[in-house]
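Hi everyone, thanks for coming. Let's look at one structure together, taking it step by step.

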Amino acid sequence: LVGVDHWVFESNYFVQRTLATLFSLSIILGISRQVFMGVLALLQRRREMKRDALFVPGFQIGVSVVIAAYNEEKVIAKTIQGLLQSDYPIKEIIVVDDGSKDDTFGAAKGAIPDSPSIKVFRKENGGKASALNYGIQHVTGDVIVGLDADTVFASDTIGKLARHFQNPKVGAVAGNVRVGNINNLLTRWQALEYITSQNFDRRAYDLMNCITVVPGAVGAWRRTALEQAGGYTHD
């Protein structure tokens with residue numbers, strides 16, 4: 001009994017020390033990562049300010065916008081209207097209704113003027129990747145801009161995305177996603193999460209040229225690069 005008692009207390013002590021060490025280590029690593037990423041983000045911001053002066057004024061490239069929509073009847077019209085207010089010429093806008101159960105298709109059709117450059121398609125539900133790939137098949141622009149059906153672009157968003165493609169080595173550009181309905185505690189926390197875990201980190205990743213994800217809510221891709229990658233995958 002004395003031996004068992006000794007083994008139990010020793011094991012309990014070992015487990016507690018191990019957990020305490022791991023917990024402390026995780027805090028140290030977490031804080032160190034934030035400091036490291038913060039320094040890189042600040043350096044990237046300074047470099048970006050210098051890079052802005054290198055863009056050729058008046059540069060234009062054919063931009064096609066693709067929107068995949070599923071049950072977005074309430075918001076799709078506002079999204080389209082936001083694109084129509086862009087200060088950059090959009091070659092075409094493609095909206096793909098991915099088999100919505102509501103009247104997303106009708107709302108999208110009713111929100112657009114009678115223009116051949118704006119097209120709305122309807123297909124059987126197959127997921128966002130299939131809807132985007134379907135839309136890409138109908139584009140003719142050299143750059144494809146993607147956004148979610150509930151995302152509203154600022155008037156200068158597309159222009160700021162497109163200007164980076166002056167550099168032939170650029171294959172994709174990650175946009176700056178922000179929460180628009182900051183009206184309660186939950187959305188304030190969401191806004192903070194977007195800033196810290198998405199936009200803040202991407203600045204640091206940009207400095208190291210290792211951005212892993214271009215956000216679907218606001219991103220731009222060179223069409224040839226997207227085609228070489230096989231389009232969007234379902235996984």
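Before we start, one term: a residue is buried when its relative accessible area is under 20%, exposed when that is over 50%, and partly exposed in between, using a 1.4 Å probe and protein chains only. This is a predicted model, in which local features need pLDDT of at least 70 and side-chain atom pairs count only at pLDDT 80 or more, while totals for chains, interfaces and linings use all residues. Residues are numbered from 1 along each chain as its sequence is written, and side-chain values use heavy atoms, with hydrogens and water left out.

Let's begin with a strand. Helices (H or I, at least four residues) and strands (E, at least two) are DSSP runs, numbered from the N terminus.

Two strands pair if DSSP finds at least two bridges between them. β1 pairs with strand β4, residues 143-148, in the parallel sense over 6 bridges. There, I67 has L147 in β4 as its bridge partner.

Side chains of opposite charge can pair when their charged atoms come close. For a salt bridge, a side-chain nitrogen of Lys or Arg must be within 4 Å of a carboxyl oxygen of Asp or Glu. How many salt bridges does the structure hold? There are 11.

Which residue does D97 form a salt bridge with? The partner is R122, with the closest N and O atoms 3.8 Å apart. D97 lies in β2 and R122 in strand β3, residues 118-123, so this pair ties together parts that are 25 residues apart in sequence. D97 is buried, with a relative accessible area of 3%, whereas R122 is exposed at 53%.

Another salt bridge joins the side chains of R33 and D201, at 3.0 Å from N to O. Because R33 lies in helix α1 (residues 2-52) and D201 in helix α6 (residues 185-207), the pair ties together parts 168 residues apart in sequence. Is D201 buried or exposed? At 6% relative accessibility, D201 counts as buried, while R33 is partly exposed at 35%.

Within helix α1, E48 and R45 are 3 residues apart, which means about one helical turn separates them. Their side chains meet in a salt bridge of 3.2 Å, N to O. E48 counts as buried at 15% relative accessibility, and R45 is partly exposed, with a relative accessible area of 38%.
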